[in-house]
Amino acid sequence: MNNETTLTTDFILPLLTVIHGSIASIMSAIILFIIIYHQHNNRIKQEERINLILCVNIYLCIFLCSTMLILLNIQTLLGDLYDLNFDSTQCIFSGYLNLIFIYTLYYGFVTQALYRLCRIVYRTYRWFQVYWLYIIAVPVQFIIACLIMSPLFIRHIIIYIPDLYQCFIPTHNSLGTVWIIVFMYGLPILCLLIIYIHITIDIRQQSTNQTLAVKRRQARDFVVIRRIIILNSILFTLGVPGMILLIINYVTGNELTLNYRITWLSFELSMILLSILVIVMTPQLKTIVISKWKRNRVIPLAPIVENSGQIRTAGTLQ
């Protein structure tokens, strides 16, 4: 009975991951299309263009992460159903790409924070606020992710896990475990903390002897920063269960594939929540999405036709 329950749980978790991943992928793709369409068909200020390109970066990362996890968990489902063996170079490369996409997502928020730092603290350096600089930053961010994660691929730390039917870092590998905890989770948190503390101190120091317009701009910046801090806190809090399960596996020495399945499900749920929160926390993006939704609303014509017919009839009777 316990084995049957375990097998059922093992199958349901990746199935739910695929479902939620599909929702996250569709949401992120739609929002990506809306942003790109808006930028292409409207003249907007450079500051707003940079904000939107940073949102594009985040939603592209969400789409890639969600899609990759969908493919990996479909692989897990097929393995559970038909006991297939997916051990191959392609599987290992897929595990490597999965790590790259997750890394890029977390550091997408670091790139956003760096822009805020340059715009608020180093605003006299105008070349830090050039639109094309942040266009280039997106592929550079991906290249850095490839380089940082390459030792795991080159040293064959990413291997096939038979009961998971995926390639990933086994928890008994201390180097791989420490590597992803430090570079994928710890370092972006540290960078974000340093950047936002620096911004907050700078705003508070400049709050005296400033004109009313500057004070209003600083107050607006402070509100935006607070929203981003809340967003990042939620993002990294959602990653805590996966990190805890990873550490438990490492300490106990048990390679429980159930923990991997729970981690992927929680990650896909966080992608859905993240897709919504980025809209809520970004005023420009929120305005664009709401205006697009209002523009596409279908107004029923039947009542209008009926009312106009009644008016014409009343006019004829008179």
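Modeller: A nonpolar core is a set of buried Ala, Val, Leu, Ile, Met, Phe, Trp, Tyr and Cys residues joined through side-chain atoms within 4.5 Å; buried means under 20% relative accessible area, exposed over 50%, partly exposed in between (1.4 Å probe, protein chains only). This is a predicted model, in which local features need pLDDT of at least 70 and side-chain atom pairs pLDDT 80 or more, while totals for chains, interfaces and linings use all residues. Residues are numbered from 1 along each chain, and side-chain values use heavy atoms, without hydrogens or water.

The largest nonpolar core has 81 residues, and Y59, L99, L105, Y106, L274 and L285 touch the most other members. Helix α3 (residues 89-120) gives the most to this core, 18 residues; helices are DSSP runs (H or I, at least four residues) numbered from the N terminus. UniProt, in an unreviewed entry, lists residues 92-110 among its "transmembrane region" stretches, an annotation that may be inferred rather than shown by experiment. Residues 92-110 are 100% helix and 0% strand, with end C-alpha atoms 28 Å apart.

Leaving out residues up to four places away in sequence, Y59 touches S28, I31, L32, I35, L274, S275, V278, I279 and L285, where contact means heavy atoms within 4.5 Å.

Helix α8 covers residues 257-281, and 19 of its 25 residues are buried. The expected span of a helix is 1.5 Å times one less than its number of residues, so α8 should span 36 Å, which agrees with the 35 Å between its end C-alpha atoms.

Definitions and conventions:
Helix = DSSP H or I, 4+ residues; strand = E, 2+ residues; numbered from the N terminus.
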